Amino acid sequence: MSETGATRTTADTGRVVSGSLGRWLTIAGGVLFWGWLLARWLNNWLLPAGVGVPPGESFLDPAAVAPISDSLAFAVEYLPQLADAAWLTVVLTVVSIALGFVLAVPVSVARVYGTYSSTVSLAFTELIRGTPLLAQLFVLYYALNLSTLFRGLPDGGVLPSAVVYVAIIGFTINSVAYQAEYIRSALLSVDREQLTAARAIGLSQRQGIRHVVLPQALRFAIPGWSNELVYLIKYSSLAAFITVPELFNVARSIAADNFAYTGIFALVAVLYLGLVISASKLMAGVERRVAIPGLGSTTSQ
Amino acid sequence: MSDHDPLLAVESVSKRYGDERVLNDVSFTMDRGDVTVMMGPSGSGKSTLLRCVNRLTDVDSGEIRLGDHRVTDPGIDVDALRRDVGMVFQDINLFTHLTALKNVTLGLREVRGFSKDDAREAATEQLERVGLGDQLDSYPGELSGGQKQRVGIARALAMEPDLLLFDEPTSALDPELVGEVTAVMADLAAGGMTMLVVTHEKGFAREAATDALFLDAGSIAERGPPAQLFENPENERTAEFLDRVSTVSGEP
């Protein structure tokens with residue numbers, strides 16, 4: 001029992017060490033993960049043919065690492081194709097969340113401050129949140145046959161094919177509804193008197209919302225909004241069902257060929273995990289960067 | 001035109017919230033340069049009356065005029081009216097996400113159309129006037145209550161209003177911070193600013209106010225020079241109320 005104190009001290013020191021070690025491991029992991037992904041994408045889209053390796057082929061020879069570990073050789077063989085497919089996952093997520101954000105701000109403002117537009121906004125949000133995302137994608141792709149709209153656009157290589165645009169429309173519409181809800185609750189958490197004070201110096205309602213309410217609300221919204229980003233990374237896999245060759249779809253067809261479902265989907269899980277952790281780290285960084293002393297979450301620190 | 005057009009004319013203003021009569025046939029006028037202090041128990045309609053003057057609240061009946069603005073006319077441009085009336089709040093209500101300087105420049109830029117540099121210069125001048133020239137880049141969360149309220153005053157002053165409304169500007173402050181705010185207000189009064197002030201600071205009223213109103217249950221119970229109202233109140237309710245305020249603030 002007399003050793004308890006000493007043990008605790010060591011454990012505490014250990015935690016401090018492992019804290020900064022963890023930080024370094026995270027940074028190293030991030031650099032490795034993104035360095036490798038970017039290298040794959042550069043290799044595929046930017047290097048002229050004949051330089052680098054053909055798309056889908058590994059930088060290393062799988063046979064060379066086989067003596068070290070069979071699992072490693074399996075990873076080296078299949079990760080390149082998955083990395084190429086992850087490009088579309090990233091494109092789908094980033095473009096949809098960004099377009100969705102631009103639209104979600106007016107939708108949420110209408111919901112909170114509008115009269116008729118509030119009803120329209122509510123109806124839209126309930127319709128989209130109340131139906132499955134997959135059903136929404138099917139309506140756009142099969143019922144409305146939207147991909148014909150984008151047939152004429154150039155595609156191939158780095159440019160997405162027509163069906164990707166359909167998926168982006170679907171994810172954007174869906175994401176608007178969810179993002180608008182996060183922003184709406186943030187708008188409601190801004191002290192009402194802030195807008196009164198803005199009106200009292202002669203700002204119009206619109207100016208008050210734009211310059212006073214929204215800058216505060218959007219900061220409040222970051223933690224909840226980050227959830228939507230994380231969800232969207234994973235929900236982008238539903239694009240597989242309207243034939244978009246994103247990460248999940250490519251994994252499924254590789255596995256259908258080699259029957260190594262467990263192995264392939266373990267690799268896919270690692271890639272999704274890498275994307276999700278990157279997204280949450282990024283948003284935590286954004287939150288820190290835009291923090292204002294005395295506003296919102298920073299008060300409790 | 002009479003030679004005595006008041007800056008602010010409040011005529012027979014009434015207002016009710018549901019069954020409760022908040023203001024009942026209130027009339028008074030203020031000339032340019034007047035400093036009128038309004039006192040009265042909680043719920044007597046003081047804040048509502050202030051908010052009627054800059055149309056944060058609509059009256060039920062009666063009329064308010066401020067200079068050329070027919071305040072109670074439903075069709076007026078309220079933003080134009082509010083450019084000419086400043087307001088300082090009990091809860092201060094600084095824009096929490098903006099520095100002291102930006103709190104003041106926002107109205108200059110967006111409402112008065114100042115350029116970035118002009119707004120900065122004018123705002124700095126106003127903040128120096130309230131003694132905060134060294135806190136331009138502080139956020140509200142980094143300022144004391146008294147400093148915040150002084151920024152609130154600078155924010156209202158920057159719009160160069162004809163009339164400045166104060167809604168209990170010191171009642172949310174710690175007692176030791178009240179003095180720095182009332183000192184700034186007394187300076188403004190001495191400088192000729194027209195001010196309508198809801199406050200229970202009798203010291204400020206005595207020093208700076210040209211007259212005092214006592215509001216009770218939505219009506220003006222008594223009006224007169226502050227000294228007279230405090231020393232020899234005619235109305236029993238006034239006397240009783242002032243007596244209680246004195247006990248709280250410890251002022252004789």
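Chain A of this predicted model contains 10 helices and 0 strands. Taken along the principal axes, the C-alpha atoms of chain A occupy a box of roughly 75 × 75 × 35 Å.

**Salt bridges**

- Over all chains, the structure has 18 salt bridges.
- Within chain A, one of them pairs Glu181(A) with Arg111(A), whose closest N and O atoms lie 3.0 Å apart.

**Contact between chain B and chain A**

- On the chain B side, 24 residues are in contact with 22 residues of chain A.
- Together, chain B and chain A bury about 2,000 Å², and 61% of that area is on carbon and sulfur atoms.
- Between chain B and chain A there are 2 salt bridges.
- Glu193(A) and Arg51(B) form a salt bridge in which the closest N and O atoms are 3.1 Å apart.
- The count of residue pairs in polar contact between chain B and chain A, with both residues at pLDDT 80 or more, is 8.

**The side of chain B that touches chain A**

- Two or more residues each come from helix H2 (78–83), strand E6 (85–88) and helix H3 (100–110) of chain B.
- H2(B) gives the most to this side of chain B, supplying 4 residues.
- By class, the residues on this side of chain B comprise 11 nonpolar, 6 polar and 7 charged.

**The largest pocket**

- The largest pocket holds about 440 Å³ of space.
- Its lining consists of 14 residues, and those closest to the centre of the pocket are Thr26(A), Ile27(A), Gly30(A), Ile277(A) and Lys281(A).
- Helix H1 (4–45) and helix H10 (261–290) of chain A each contribute at least two residues to the lining of the largest pocket.
- The lining of the largest pocket is made up of 5 nonpolar, 6 polar and 3 charged residues.

Notes: Residues numbered from 1 in each chain as written. Chains lettered and ligands numbered in written order. Predicted model: local features only at pLDDT ≥ 70, side-chain atom pairs only at ≥ 80, totals over all residues. Heavy atoms only, no water. Contact = heavy atoms within 4.5 Å. Buried area = accessible area lost by both parts, 1.4 Å probe. Salt bridge = Lys/Arg side-chain N within 4 Å of Asp/Glu carboxyl O. Polar contact = N/O pair within 3.5 Å; in protein donor to acceptor, adjacent residues only side chain to side chain. Nonpolar A, V, L, I, M, F, W, Y, C, P; charged D, E, K, R; others polar. 1 Å grid on protein atoms, 1.4 Å probe; cavity = no way out; pocket = protein on both sides within 12 Å on 5 of 7 lines; lining within 4 Å. Points joined across faces, edges and corners; volume = space filled by probe spheres on them.
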